[in-house]
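Here are some friendly notes to read beside the structure. Please keep the model open as you go through the points.

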Amino acid sequence: MAHSAANPTGDLITQVLQALDKTEPLVSVDAFPATPFVDIKAALDRLKSRDMVRYDTIERQEALLELEGEEIAANGSHEARVFEAVQKAMEGLSVRELEETIGDKNVVKIGQGKAFKEKWISKTKDGKFKAIAESIKDVTRGQLETIKTTRTHPDTKTLADLKKRKLIRMQKVISFKIHKGNKFALEIPDEATDLTADMIASGSWKTATFKPYNFKALGAAQMAGALHPLNKVRAELRSIFFEMGFEEMPTNKFVESGFWNFDALFVPQQHPARDLQDTFYIADPPLADKPRAESPEDKKDYEAYWNHTKEVHQDGEFGSIGYRYPWSGEESLRLVLRTHTTAVSASMLHKLAAVEGPDGRPPPARYFSIDRVFRNESVDATHLAEFHQVEGVIADYNLSMGELMEFMDIFFGKMGITGLMYKPAYNPYTEPSMEIFSYHAGLGKIVEIGNSGMFRPEVLETMGLPKDMRVFGFGLSLERPTMIKYGISNIRELLGHKVDLNFVQNSPAVQFSGKA
Amino acid sequence: MPTINVDKYALFEELGQHFTADEFQELCFDFGIELDKDTEDDPARPKDQAPELAIEIPANRYDMLCFEGIALHLNIFRGKQATPNYKLLDVPESKMQSITVTKATAEVRPYVAGAILRNLKFTPATYASFIGLQDKLHQNLARQRTLVSIGTHDLDTIQGPFTYDALPPKDINFTPLNQTKKMSGEELMAFYETDKHLGRFLHIIRDKPVYPVIFDANKTVCSLPPIINGDHSKITLETTNVFIEITATDQTKLDIVCNIMVAMFSRYCEEAFTIEPVKIISEHNGATRITPSLATRVMDVEVDYINKCCGLEESPAAICKLLGKMALAAEPSGDPKFIKIQVPSTRADVLHACDVMEDVAIGYGFNKLPRLSPNKTATIGKPLPINKLGDIVRHECAMAGWIEVMPLILCAHEENFEWLNRVDDGTTAIKLANPKSVEYQVVRTSLLPGLLKTLRENKSVRLPLQIVEVADIAVKDESLERKSRNERRWAAAFYGKTSGFEVVHGLLDRVLSMLRIAFITREEGLDGGKSMDFEVKQNPSEADGYFIEEINEPTFFNGRAAAIYVRLGGKVQRIGEFGVLHPTVLEKFDLRYPVSTLEVNLEVFL
């Protein structure tokens, strides 16, 4: 709400205006002692925002009577009551008689002591109280009566004394000293909340009074649509890839054969990644076809590719001794949910081998993809059975590791990540393989941010790529940089149906601020 | 990656240097292993336990799966130690221990190798490491003993020549390791059925007609591979002569395991790095040989290849020196273009010249390699058309006030079918063989389950909810190599106190008009009717556009659903449907308010 939450009655506002018309300045606590503070404040603020009044806040200490003080103000002090009772009885009073007359043992107990001290009464031989003073002055009562009406006492010592005697207490009271404002009037004029088309048409805006806008409140909530944070980061990454000349790969294929997902990438058939524990296998449909052309333009010899793949695993070829195990064609045709998009890179590189560039050789190429991959993992805060892999492939002649590292520095630099370090690692289809690390200021240590390497000749030459064409591959997950960007620690808060729609709607836009 | 725990100060002792945390971290980083944990300051470490380092080893470095291997290679890398020269003891064939292989083993576990370590002295630490290495090899390279398994014995308790035979389970009878009672093969299977450690290996041979057995000359059972050794020949701290027998279903991995076992522990023999060979007599298949074969493999690698890949211009001699740091003995060959490399039998990871090239790069230091501009060739960037189309639809929906969601692609079978009142006719859904959870039984054939689950999890968000997803589903397709294909779909769901049917209808109109697809009405002269589903009609004279037609399908509330058709280039086809979900569907997905959905195949707009 853009307007004040409190809603003072029109009556109070009118009363304030009328009172101020008569008395200026007007002190609120005097003029409206019974009206709650918040109501007065709301009324004054409404008037002040319209420049009809101005006010200063006054803070002062007031004295209020405690219960006992109230009683004394009404009936007199204890000693005065004892004196009056004793004075009225000609014969004097015994203690019991005095208690009966006053009706309060406590008053008698305290009052007779004080009355003795003040020499107002004395005791007869037969033990009765007798008045000895002619008349008395009940000072305490007088003081308390003053305080009751004025809420203070001119003598501060008296206030301190009464407070000590627990007859009064002090309280901070805020009130307002009100003056007329520039636009003082006896009532609030009609106000417009907004400038309308009608007002412009009629010209009434010239004379209208506008209700002030509350600039301290938020504006109206928007019925905003929103893109998913993961896709916002994906869009930034895609634009980095396009800036660097990459073509997007057709990764719209969740199901791959073991051949493309593993064998083509020189992952041996006994590799742990191929375990049921790690990879989703497909029960239906049962098996893939052997790799084959799927369009009439594709003239590649897939049979030769199949045979070379078998050879390079089983017996070694292209300068490799191979893994030397009996390679199974049937294992290769088992269908899986792709465990990485590198399965698609394999088929792209295989196609590239058949492309004739201007010099009759396959032309240099850069491919990328950002898409879903599947792992048969137990789900926890950092693992889901599905996530997005960001992958890039660079094919060119005589590439060196210095170029790969330089490229990765630029690529991550565009994401604002600098100071990269490269660690030797193992990956079945790349050699050398390099894990990419960067210093994470928040964690105070270096963290792995991606993987990279040069594809093995066993992968490339089997596809028919020339020996001097080298291929870099690199990858990272989309979720990790997104989680860091948005400060999320549980991947389930980012991907899947449990994601909070408010989070999606309110996630800020993503803008990598890289230097590169 | 396998993780190896080693005694921190014993390792530092072995390396001859007391490293600071950063120094050791850096050494690991440069060499390509990873320090995972240091228990020095771990409050959970028992007071009487020495601080340990957990070190992650690359999955192909089987020669570093124990303390000895890690220490050895780090020392060689740091130039503190030369690569050991493993030697076979010169034993005349007549006096050599032997294992005779019977033909029956071919049925169950055909390969065997043997070796003997003489006059070896164990300490509690080296003994533990010896057992630990066998475990690590069993877990990793041996794929949980399916491919290879190792048995180690006190040679002084048994007597060669040995026999590797395969017998029916009932004919095998021996006391397994650390047991007191003799058992037959069948009893043994029953006995270890519930054993946490061994139970998971039983399947490897359980249903075979014969089980593999190693006997000594007196018919004492040494082991029943790949399950357990006999108690009779068990090794202890006091054992000095160790007989190692290794059986396998994979010859290559058998040799690798055999070489690694003897190479790592021959250093503790009286004559360090010597191994006594064992003759394998295998006449039925002509595979008689002597094991282990410690022969190095000679490789000639092109200097230019190494230099080009690494971006270096090093001389052959300098390259050889770098390779020495990586335990590869190398020397310039007669031809200056090549270097000659002796790959030790333990370096099973070296398959190709590229592996040598990488070792040069590691020896040089990855982070010190000269840098070059990566832009030698300009290539042209290009988006995938279907992604470009998808992004247009996503953005149009977001601009229209819809929130994008990203549910999972895998789902339960019932969510994809029964809960939507749809029947699985077996022709569409791709079914998984080995999911760990019922949540992952099929690849979704519709985006609706994910959207509805997202609504279900967001009931506390202010109504109405308007969510949208543009993503792939996948279906079986026998005509393709992978027997399936993805299809890019666009789906939206409205959840509120009213059905939102018109809102969803309006979104359809809005997005299709943005795709420049005009709305046409049935009255414009289309013939056919409800039988038109997926039918293709050609009439090039008719205008392109889309139209909708009421349908009655169990997913939707009767009278509040329509199929969406497009006519493009004269072809009419159904591309999707929208409607108010049937209350029984809402109940299944635990939704309290009405929902209208829309789902469209975007592929036709390419």
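**Where the two chains meet**

1. Between chain A and chain B there are 13 salt bridges, a salt bridge being a side-chain nitrogen of Lys or Arg within 4 Å of a carboxyl oxygen of Asp or Glu. One of them joins Arg371(B) to Glu406(A), at 3.0 Å from N to O. Helix H16 (residues 401-414) of chain A gives the most to the side of chain A that touches chain B, with 8 residues; helices here are DSSP runs of H or I of at least four residues, strands are E runs of at least two, and both are numbered from the N terminus.

2. A word on the source: this is a predicted model, where local features need pLDDT of at least 70 and side-chain atom pairs count only at pLDDT 80 or more, while totals for chains, interfaces and linings use all residues. Residues are numbered from 1 along each chain as its sequence is written, chains are lettered from A and ligands numbered from 1 in the order written, and side-chain values use heavy atoms, without hydrogens and water.

3. In all, 113 residues of chain A are in contact with 97 residues of chain B, contact meaning heavy atoms within 4.5 Å.

4. The chains also share an open sheet of 4 strands, ordered E10(A)-E22(B)-E23(B)-E21(B) with antiparallel pairing; strands pair if DSSP finds at least two bridges between them. E10 of chain A and E21 (410-411) of chain B are at the edges with a single partner strand each, so one side of each has no neighbour in the sheet.

5. Strand E10 (residues 282-284) of chain A is joined to E22 (residues 430-432) of chain B by 2 bridges. Ile282(A) lies opposite Leu432(B), and Asp284(A) opposite Lys431(B).
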